[in-house]
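Before reading on, please take a moment to look over the sequence and the fold together.

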Amino acid sequence: MAAARHVAHFTGAASPYAGGDPYADYRTAELPFTHLADLADRRLGAGVIAANDEFFAERENLLKPGRAEFDPERFGHKGKIMDGWETRRRRGTGAGHPHPSADDHDWALVRLGAPGVVHGIVVDTAHFRGNHPRAVSVEAACVPGAPSPEELLADGTEWTVLVPETDVGGHAANGFTVEAARRFTHLRLNQHPDGGVARLRVYGEVAPDPGWLAALGTFDLVALENGGAVQDASDRFYSPPGNTILPGRSRQMDDGWETRRRRDTGNDWISYALTAQAQVRAAEIDTGFLKGNAAGWAALWAKDGEDGEWRELLPRTALQPDTVHRFVLPDGAQSVTHVRLDIFPDGGIARVRLYGSLTAQGARDLEERHERWASGT
C-alpha cells in the first residue's frame with residue numbers, strides 16, 4: 001500500500017448555503033503539489049470512462065476545467081442539478097438492515113490524460129455541503145493500451161492504494177500527498193458510501209513511453225504529453241506558464257501564458273525541462289488569441305544539464321499578434337536538456353513547440369527512468 005497523508009484535513013458537512021458568494025465559506029489551504037501538471041486534465045485526453053452510479057450528476061463533471069459553479073435555483077426532474085458527480089443515496093437490504101454495509105461504496109474510473117507519477121490528489125467537494133461522501137479512497141493501476149472498463153475491473157488488474165479510505169469534508173478542497181513513485185495510467189475514485197464530488201485533480205509528472213518516442217524519432221521535446229515540464233517563470237499573474245506546453249492550439253486568450261504589464265526595464269521568461277537530453281532543430285512560438293497583449297519580441301536559450309551554461313538558440317526576434325512563428329534553429333546539433341524562453345518586455349505566449357530528437361544519452365536516461373517508474377524504486 002502506498003503511503004498518503006492529509007495536507008488539508010477537513011471533515012463533516014459545511015453549513016447550508018445562506019446566499020451570496022457560495023465560495024465565501026469554502027474550506028481550502030495551500031497545497032505543496034499544485035504547481036505540477038494535472039494528469040487528469042481533459043486537454044491532455046483524460047476522461048471518466050465509467051461509474052457505477054451517476055443518478056443526480058454525471059461523472060464527466062469531475063474533470064471539467066475551472067472551479068465548480070453553483071446555481072441555487074437550478075433544479076431538474078431528479079432534484080438539484082449539481083456541477084459534479086453525484087450518486088443516489090445507498091440503502092441497506094431491508095427494514096431490519098436499512099443502512100448500507102461497510103463495504104458498500106460508489107466508484108468512478110478515470111483514464112489519465114498522460115501516464116505519470118502521481119504526487120498529489122485533490123478531491124474537491126465544492127457545493128456538496130451535506131451530500132458529500134463520508135470518506136473517499138483512491139486506487140491506481142498501470143495498464144497498457146486503451147483498456148475497456150471491463151478489462152480494468154477484471155480480477156487480474158493490479159490496483160495500488162494511493163489514498164486509503166479517509167474521512168473528508170463537504171464544500172472543501174481535500175488534499176492528499178502521494179508517495180508511490182510508480183507510473184500509472186488509470187485511477188479509481190471511491191466514495192464511501194455515496195454522495196457527491198465536484199472535481200478531481202491529479203498532480204504529478206508525465207512519464208512517457210520511451211518505445212513510442214523512439215518510434216516517432218522527431219517529436220515536440222517540451223510538450224507536456226511527451227514529458228516536458230515548466231521549471232519556473234518570472235510571472236504567473238493572468239494565466240499559468242504550463243499552458244504553453246499543452247496539446248493543440250489555444251482556444252481563447254486565457255488558454256496561454258500572460259504576464260502583468262511591466263513598469264521596469266526587465267523582461268519576463270519561462271524555463272523548461274525537456275523530455276531528456278536532445279537536439280532541438282526547430283521551434284514554434286504561437287501568440288494565438290493574444291492581440292493587443294502579445295509579447296513584442298522573443299528569444300530562446302538552451303543549456304545541457306542543470307549546471308550548464310546558457311547559450312543562445314534563437315536571437316531576439318520580433319513577434320506578431322495572434323500568429324504562429326516557425327524557426328529552423330542553426331545550432332540544432334548541440335545537446336541540450338533545458339530551454340528558456342525570454343519575452344520582451346512582457347505580454348503573452350499561447351504555445352511553445354521545440355522539435356527534435358533524443359540523443360543516445362537522452363534515450364538511455366529516459367529508459368532508465370521508465371524502468372524505475374515501472375518498478376516503483
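Predicted model: local features only at pLDDT ≥ 70, side-chain atom pairs only at ≥ 80, totals over all residues.

A residue is called buried here when its relative accessible area is under 20%, exposed when that area is over 50%, and partly exposed in between. With a relative accessible area of 17%, W159 therefore falls under the 20% limit and counts as buried. This tryptophan is placed in the loop between α1 (149-152) and β9 (160-167). From W159 to T287 there are 128 residues along the sequence, and the C-alpha atoms of the two are 42 Å apart in space.

Seen as a whole, the protein chain has a secondary structure of three helices and 23 strands. Its radius of gyration is 23 Å, which is close to the 21 Å that the globule rule gives for 377 residues, so the chain is as compact as a globular protein of that length. Of the 377 residues in the chain, 51% are buried.

One of these buried residues is A298, which has a relative accessibility of 1% and belongs to strand β18 (residues 297-303). A separation of 51 Å lies between the C-alpha atoms of A298 and H192, two residues that are 106 positions apart along the chain. P193 itself is part of the loop between β11 and β12 (196-197). A further cis peptide bond joins F344 to P345, with omega near -15 degrees, and P345 lies in the loop between β21 (335-344) and β22 (348-349).

H127 is found in the loop between β7 and β8 (135-141), where it is buried, with a relative accessible area of 5%. F289 likewise has a positive phi, of about 70 degrees, although it is not a glycine; its place is in the loop between β17 (268-286) and β18, and at 40% relative accessibility it counts as partly exposed.

The side chains come next, beginning with the aromatic rings. How many aromatic pairs does a search of the whole structure find? The search finds five. In one of them, the rings of Y17 and F70 have their centres 5.1 Å apart and their planes at 70 degrees, and because an angle over 60 degrees counts as edge-to-face, the pair is given that name. Y17 lies in the loop between β1 (4-8) and β2 (37-38), while F70 lies in the loop between β3 (47-51) and β4 (75-76), so the pair ties together parts that are 53 residues apart in sequence. Both residues count as partly exposed, Y17 at 28% relative accessibility and F70 at 22%. Another pair is formed by F237 and Y238, whose ring centres are 4.8 Å apart and whose planes stand at 85 degrees, so this pair is edge-to-face as well. F237 has a relative accessible area of 46% and is partly exposed.

Rings also take part in contacts with charged side chains. K78 lies over the face of F55, at 4.5 Å from the ring centre, and the charged end of R340 sits over the ring of W310, 5.0 Å from its centre.

The last stop is the second largest pocket, which holds about 430 Å³ of space. It is lined by 25 residues, and those closest to its centre are A114, P115, R183, A207 and D209. Two or more lining residues come from each of β7 (106-124), β11 (183-192), α2 (210-216) and α3 (360-375), and β7 gives the most, with five residues. Sorted by class, the lining of this pocket has 15 nonpolar, six polar and four charged residues.

Note on methods. Residues numbered from 1 in each chain as written. Heavy atoms only, no water. 1 Å grid on protein atoms, 1.4 Å probe; cavity = no way out; pocket = protein on both sides within 12 Å on 5 of 7 lines; lining within 4 Å. Points joined across faces, edges and corners; volume = space filled by probe spheres on them. Helix = DSSP H or I, 4+ residues; strand = E, 2+ residues; numbered from the N terminus. Nonpolar A, V, L, I, M, F, W, Y, C, P; charged D, E, K, R; others polar. Phe/Tyr/Trp six-rings, centres within 6.5 Å; stacked < 30°, edge-to-face > 60°. Buried < 20%, exposed > 50% of the residue type's maximum accessible area, 1.4 Å probe, protein only. Lys NZ or Arg CZ within 6 Å of the ring centre and 35° of its normal. Rg over C-alpha atoms; globule rule 2.2 N^0.38 Å.
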